[in-house]
Amino acid sequence: MSPRLRFVLRRLALTIPVLFVMSVFIFLIIRLVPGDPVRTMLGFRATPANVAQVRAQLHLDDPLWTQYRDWITGVLHGQFGQDFISKAPLGELLAQRIPVTLELTLLSMLLAVAVGVPLGVRAAVGGRWARRLTEGFVVFGISVPDFWLGIMLVLFFSGTMMWLPPSGFISFAEDPGGNLHYMILPVLTLAVAEAAYIVRTTRGSMLGVMGRPFIVYLRAKGTRERSIVYRHALRNAAAPIATVIGIQFGVLLGGAIVVETLFALPGVGRLIVTGINQRNYPVVQAGLLVVATFFILISLITDVVVGFIDPRVSDRGQS
Amino acid sequence: MTMTMASGARRSRSAVAALPRSARIGALILVVLVVVAVLAPLLAPHDPNAIDSSRVLGAPDLGHPFGSDALGRDVLSRTIYAFRTSLAIVFGAVAVASLIALPLGTLAGYFGGWVDQVISRPLDMLLVLPALLLAISLIAIVGPGSLVAALAIALIYLPILARVQRASSLVVSQSGFVEGGRARGWSSAAVLRRHVIPNALGPLLVQAAILAGFAVQIEAALSFLGLGTQPPTASLGLMLSEGRDVLTQAPWVEIFPGLAIAVIVLAFNLLGDGLRRHLDPQGVVS
């Protein structure tokens, strides 16, 4: 077995207990609500009969491990239970919501990488002005809260200029152009902070690589500076950049909750927030489970990608 | 006695002077903010919750430099009081997380082996959810409120701070003077107290300063979603959520609390980055 394949398999094996612990944690959320969760869900006017009925419906009276087994078996078959208020099956609801969140986070990450990596490289190899400007951008991106930035963007692009809709959503299948139109501001809102982190890491990693002897050798050999920077140095600086992109993906999933609420996008994040406000625990659980699973899978993918970019990472696992 | 005190004072003064300019600016801004928060009742020109129907969405003027909101409340006074709420939540959360992380991380790093496993594995489990989601899960269980928001932030930061303290205590534990302490027959407790903790504390402080900045953002985000501080208490996130409804008529209701958050985060970041160079030579803090 090649060391790389072994590394990937090891990392995969490590993911399974993490998924298990996460699912137990999310399963327990509703059981940890102080007092009777069903009473909290139904409100004060609920009759004992109502409460008993809902308890039975949610299987809250079964032994805990039976409850977990039934729940997780359902989830693995795509059955997430029922929306407590609308009685709609949660599987279908999630199938509508997940693509929205995925589109938002993927587009934001693409934009952040497309802007962040070249800016970070310029900050490392460029002149004083390139350095100052990018440093300013990093400080701005990290300090400004994303949702406030989003509101300011709405104020300018929707309020003053009337170029873009302030909130709302059209599905991509219905009208691709309209979908992108509505996505511009949310994506921009999320991308700025991500880009700032990517710039900072790219700059640091590139500075480290540009000081190494092989760069001096390439210069002495007469390799063009452009090729030194983008073909040789950037390739060697890629592992930390890939790591930070992976970490920021997780942050994006959290940020999506706020941005979806801000722009009224029907994604998983907004589902969770409305679920909490309505004490709709099955919805909250299903939403959290989906986002947490994405988070864990992304960190798995990141580790594997970094292992491939920088073989030292995957080799280290052997010794 | 007097001499040691005097030299101590001189040392700390020169230590402040030796910090990079950015860290000193960050520290200065923070001192000003803390003073503003503490003296809020004296500094706020108006009662933050006084409703004035004659000044609904009033534009900024001399008496109300930040304007007034949808209920005619003075935005400057509310921002000053919101500083208080936010800083209290943030300092409380980071202090609680640091005080728990300090012993846990120190023991895990110093003893290693099964002690490390028993301490670190459960803490790692807290990292399986994205930060904001972990906070939201806790709020889903307990219900919204400022105290819950503070606890949620502490819960997010505990594993991060413990990990930093563990790494830094591990590095220090391998150094010669710790070995020397053991060779002199000191107990583990004495070695930890006299050698390990004082020398391993720097990175934890740096990480805590950086995290405190983000805690302001998390607190604001939670309150913005209606999951943190509840009305009518003035909180920066809550003010942003109220200002959003009147954005086009009265942008000042929205602009100033947002700028306030940015200033706090910036100050903590400047301080943390400046301290990093001095207190974290091994680069333990991520």
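A residue is called buried if 20 or more other C-beta atoms lie within 10 Å of its own, exposed if 12 or fewer do, and partly exposed in between, with C-beta atoms placed from the backbone. By that rule, 39% of the 319 residues in chain A are buried.

The model is predicted: local features need pLDDT of at least 70, side-chain atom pairs count only at pLDDT 80 or more, and totals for chains, interfaces and linings use all residues. Residues are numbered from 1 along each chain as its sequence is written, while chains are lettered from A and ligands numbered from 1 in the order in which they are written.

Start with chain A. It has 14 helices and zero strands. Here helices (H or I, at least four residues) and strands (E, at least two) are DSSP runs, numbered from the N terminus. The C-alpha atoms of chain A fill a box of roughly 85 × 60 × 35 Å along the principal axes.

Next come contacts. Two residues are in contact if their C-beta atoms, placed from the backbone, lie within 7 Å. Take the contacts in chain A between residues at least 6 apart in sequence: 73% of them join residues at least 24 apart.

Now zoom in on one residue. Leu252(A) sits in helix H11 (residues 238-263) of chain A. Why does Leu252(A) count as buried? Because 26 other C-beta atoms lie within 10 Å of Leu252(A). Leaving aside neighbours within four places in sequence, Leu252(A) is in contact with Thr105(A), Ser108(A), Met109(A), Leu190(A) and Glu194(A). Leu110(A) is 142 residues from Leu252(A) in sequence, and the two are 12 Å apart in space, C-alpha to C-alpha.

Then look at where the chains meet. Chain A brings 35 residues to the contact and chain B brings 32 residues. On the side of chain A that touches chain B, H11(A) gives the most, with seven residues. This side of chain A divides into 29 nonpolar residues, six polar and no charged. Ala, Val, Leu, Ile, Met, Phe, Trp, Tyr, Cys and Pro count as nonpolar, Asp, Glu, Lys and Arg as charged, and the others, Gly among them, as polar.

Finish with the core. A nonpolar core is a set of buried Ala, Val, Leu, Ile, Met, Phe, Trp, Tyr and Cys residues joined through C-beta atoms within 7 Å. The largest one has 169 residues. Its largest share, 19 residues, comes from helix H9 (residues 188-224) of chain B. Ala93(B) is one of the residues with the most contacts inside this core. Beyond residues up to four places away in sequence, Ala93(B) touches Ala150(B), Ile153(B), Ala154(B), Tyr157(B) and Ala215(B).
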